[in-house]
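Here is a structure to walk through, step by step. Keep the view open as you read.

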2 protein chains.
Amino acid sequence: MGEKVPHGLESFFRPRGVAVVGSTGEGKMGRVLVDQLVAGGYSPVYAVNPRGEGAPGVRAAARSFAELAGAGHVVDLAVIASPADTVAAMLEDAGRAGVHAAAVIASGFAECGEKAKEEALVRVACTYGIRFIGPNCAGLVNTKRSLFPTLETRPPMGDVALVSQSGALGGAVLSWAEEQGVGFSKFVSYGNGADLTDVDFLDYLRGDDETKVVALYLETVSDGRAFLEAARQLTAVKPLVVIKSGRSAAGGRATLSHTGSLAGTDAVYDAAFRQCGAMRVDGIEEMFDVCRGLASFPPVRGKRVVIVTNSGGPGVLSTDAAEAVGLDLAPPSPTLRRRLAERLPSYCSLGNPIDLTVQGGEAEYRDVLSMALEEYDAAVAIDVNTPYLDAALVARGIVTAAKVTGKPVAATFMAGKTAAAALPVLIAGSVPDFPTGERAVAVLALLANDQARRLGRRESSPPEPAKSSLPGQGLILSEPEAMDWLGAQGLPVPQRRLARSAEEAATAAAALGFPVAIKVVASGVVHKTDVGGVVLDVASKVSARSAFRELSERAKDLGFCGVLVVPMVRDAVEMLVGVSRDPQFGPVVAVGLGGVTAEALHDVALRVAPIDEAEARVMLGELRAPSLLGAFRGRPARDLGAFASLVARVSQLPFQYPDLAELDLNPVFALKAGVVIGDVRAARVGSDAVRGRTPSVRLDANQGTIA
Amino acid sequence: MGEKVPHGLESFFRPRGVAVVGSTGEGKMGRVLVDQLVAGGYSPVYAVNPRGEGAPGVRAAARSFAELAGAGHVVDLAVIASPADTVAAMLEDAGRAGVHAAAVIASGFAECGEKAKEEALVRVACTYGIRFIGPNCAGLVNTKRSLFPTLETRPPMGDVALVSQSGALGGAVLSWAEEQGVGFSKFVSYGNGADLTDVDFLDYLRGDDETKVVALYLETVSDGRAFLEAARQLTAVKPLVVIKSGRSAAGGRATLSHTGSLAGTDAVYDAAFRQCGAMRVDGIEEMFDVCRGLASFPPVRGKRVVIVTNSGGPGVLSTDAAEAVGLDLAPPSPTLRRRLAERLPSYCSLGNPIDLTVQGGEAEYRDVLSMALEEYDAAVAIDVNTPYLDAALVARGIVTAAKVTGKPVAATFMAGKTAAAALPVLIAGSVPDFPTGERAVAVLALLANDQARRLGRRESSPPEPAKSSLPGQGLILSEPEAMDWLGAQGLPVPQRRLARSAEEAATAAAALGFPVAIKVVASGVVHKTDVGGVVLDVASKVSARSAFRELSERAKDLGFCGVLVVPMVRDAVEMLVGVSRDPQFGPVVAVGLGGVTAEALHDVALRVAPIDEAEARVMLGELRAPSLLGAFRGRPARDLGAFASLVARVSQLPFQYPDLAELDLNPVFALKAGVVIGDVRAARVGSDAVRGRTPSVRLDANQGTIA
């Protein structure tokens, strides 16, 4: 009717007409959908079913889309709730009639093992150029068009778009929205995701002016790299809040003790979300908290937060929580303190928190917040309301301060019914209310970090290197082979000599300079230390000869082919660097403490590869014990630049060498100047030995260890 | 009126009559208190004020307590809200008339710097045998006697007693109680705590049959050891939930890198709460969650939890959270699985969570929970309610299962208004409802741990050792002095020889057997490593002589008096053991990783001393890297028995040696068999050097370090 023909996903969210496919008999799913659409205020609604049955509010009913089209009705979106066996035919009918968007609410497809039925839908969709959500989905919502083709609760209107893989979880969020004070612009649940998925909706919502914030519930990404790219583009223009379930299934950090088991873990998702600028939250309550803040706050430009309260206890609890999440609760400057002292009675406490006591009313909250926000980045205003305080007035004071200063102010009205009068005032004034100060500061910290990340954002897409192949034939490269290869990549390998006799070993050791370490080279030795395959601190030719004889004896049935002689390294911090391939996200790079310490402490930082040096430095900062690399009790600081450069370079290798399944550099000796790779394990794609293996660690304390 | 004369704190909670002291004029605090008492249903209420003014509901008003007594009125509790300057006189008046309990609501005392006024109250109370709460407190509540002498909201009746140092925080909790579904038996806020404090109320509530659970908000304990004892006795009969604010003030774990800065930190509170069986929570919401569970659940006897849901997403989020808090979400046994499969349609998922899908109604929840709880310890029942599900029926099914099985069942009805009908059914059935499954499993985990601690509870009160004094005179004991002293205590000190010349050093080294370590002994050397005061791996007499000369040269201006020669220790794990004195709790014992690692990782476990060996083993389990002590990649397991015995013994020393301010054993070498103290630092009480010092750490990798 004069409306523009929608393009792309607009057909879903701005259709010129919606047809519900399925019986409209009382209590049937088709009827519930029609009722929702009509009650929500959308028009025109059509019905398509074998009997051409209508329902109250339906503009026209027909037996097919062709019939509707023939009668001059324009339908942009088909909402299909007919039995699974009929869906493909109905989709085809819709496609023939020129409908290009469908929401398949019907279930009974891949989720029940009926993959063929789902593939049939995809084929039909391809043939007719239809895009669809589902099957087995909960439909969609566009509050700003009064469009509710869904079985779920109609949520209040607002600026948050929710994309949910799970229909039920999406439904729970929508039902809870009003109570939580969060409004939605759009909602879509894509169920089995046979056609449209996470990536498509992130792309669409990026350009959607009606959406300020995107919230996403994921069980698994459809395509890791595509998701990363879509999310990166989205977060360049608006915030993305993600719940990713299945943390526990991966076994968490406990499995991260070595790079070999990095693949597919939840920690890779964590890294990916960080890299694409998404804010990961743990559950629905936190998601609501964050969205409430994002929808109302101006940007949180820093971490200096002031807490203004009328009660000591809750103020202190908020302070504890604020420091725990890394906010800066510096006390007021002398100037501010003087101004506050002039404004307030002497019994008020002028630290941070600023405690107005129960005497604090509208004027005190307004004036104190306004003054304080001249020097703080954000504020939390706590009102522990007693039956004798007018919460609405206090709220008015807080709202005024937020308006006047243009800075983020979070409210916490803590006392159930006695504070209820504050809520409408806060909502009207765009000041979000949080159940506790602890939850308010958690949101401020998250948003401040997000803002900082935005400002520090670097778009680095390192050049795609020329493809090449690993040397040799074996599934696991021998150490000399791997070291030569790493050296050829320009990586810092140690001086080394391969020796095939006791005499060669003695000569090599003398040439390198004593003391040296002598390591077995044998195709059957997986972990050198398991067979006593390393002799350290070899200080003479005599010792070198005897070390050779010892090692050749120990590995005589294990394909012994010589020893590698390397100089001893002292006073190094042992680190590890590794790459492996994640089934969702592809190459992943890991950095951590090396040696036994790594395994005992599970102290590893991860990224989806490739990364640059700056990102490698950020990873080091995420380790629990980053201080080991700094100057420390008389020990020198380590060469972070050289280390970061190594990490960045290693993160490129899986792209350059598509046959590299996994690379473990452990230990890497971090020195005062430079770094040296201490040991290497490289596995070729197809190597069975890669999975379930244990990492190679050094058992002796004497080489380059942490004191 | 025929009622028993109350004794002890009964006068507060079961008074035969209550008199409010202060003006009863409209809007005055005295009037508000009278109104609260009357509206709450208590009788008889009296008023005492200079004009002998009454108010509606007051049985009699008088100018003094003497006048009331003269008229035959019995008053057990005086509630004083008159101006600060008048309180002492009013208290005296009450005391003369035989009143032995008072709640001083009035403020204007120590909290405003008026210490003398507060001391005057204490003197009057002593003279007349009065016990009082306050001043500057919010009064008290006994819902079971309809007694509300408080300015705060009257809470719903229930089984939780709340003791709050902060009146305002207590008030916030009471106001929120109804919304949170938690009822209270008693409430008391003790404000400045001039007389009665935390310890008194814990003692009283232990024997209070009307209280099933005690909740406590603390800013600081009045007396650490007395608190520990009172809390220990309380938790032997009922659970204690504590919020202790001020976590951040102490700077958290970051300050725990060495034992010297343990004193007064929040971590000592953490340890104390653990030792006395209290459950520490972070904030008010968590406190409500835990109290709701404690008030409703039967004991949580284990960690095997089943999640029954009608929606995948929230089920998975709860599973993630459950595993994160250490619950066991094993799948159903084959038998149970078979029974479930017979009972349920094929589209239900029979893992853990058990997903009933949206088809799950009253009967499914009831039957599935009943069957599952035959093999699980507890259950979480999640209903993501859609507008088309009858939440009350689902709730009825859950309640029936909880009744039939007698096991803890937590409910999570996730969808705001659409699930509201469930709440009355759940409350009537004593099934607590949690906003999310994540919060439900957090409570179950906390209670399961608490229950396990109860069962494993050992009441150990080691014998008080005979008092003695440290050897020598200096504020810091020299190393030979300290080692001799430790040896005399039966602690595992190394073989060692003090040498005063190069020749003596060479002889000593040869006698001990090469290689040895040689350490400087000099009164002016605080940290040996700072001056290069340790030479390791001395392998010959020649080297021993040169080491002596080197060390004597380095410390020549630092009171050099010789060197200590000790055998080198290899392949040890370095640990630390220390004791210090906390201002609140007295002697504290710490265990952690030793050497530089300790400082980098802040990995320390704490206890209020003394402890026994079993507790020392528990401490080791709390370290982040307990695996370093176990058998590990070919390294032997360490002698935990010997280490625990050392820790227990060391934890007794501050009691035996009251002049021992601080003792630092770092490193302690944990070996395959036995342990050896590597270095010691002992400071005498009065030593200025104790505070703010940095710990002694070993800079070289070669002795007994972690590989």
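Two residues are in contact if their C-beta atoms, placed from the backbone, lie within 7 Å. Leaving aside its neighbours within four places in sequence, A:Ile80 has contacts that include A:Val21, A:Gly22, A:Met90, A:Leu91 and A:Ile105.

This is a predicted model, where local features need pLDDT of at least 70, side-chain atom pairs count only at pLDDT 80 or more, and totals for chains, interfaces and linings use all residues. Residues are numbered from 1 along each chain as its sequence is written, while chains are lettered from A and ligands numbered from 1 in the order in which they are written.

The largest nonpolar core has 437 residues, and A:Ile80 and B:Ile80 touch the most other members. Such a core is a set of buried Ala, Val, Leu, Ile, Met, Phe, Trp, Tyr and Cys residues joined through C-beta atoms within 7 Å. Buried means that 20 or more other C-beta atoms lie within 10 Å of a residue's own, with C-beta atoms placed from the backbone.

Now turn to helix H18 of chain A, residues 502–512. Helices are DSSP runs (H or I, at least four residues) and strands likewise (E, at least two), numbered from the N terminus. Which residues of H18(A) are buried? They are A:Ala505, A:Ala506, A:Ala508 and A:Ala509. Seen down the axis of H18(A), these fall within an arc of 165 degrees, so they line one face of the helix. The arc is that of the directions from the helix axis to the C-beta atoms. Among their packing partners are strand S19 (516–522) and helix H19 (541–554) of chain A. Just after H18(A), A:Gly513 takes a positive phi of about 100 degrees.

Notes
A residue is buried if 20 or more other C-beta atoms lie within 10 Å of its own, exposed if 12 or fewer, and partly exposed in between; C-beta atoms are placed from the backbone.
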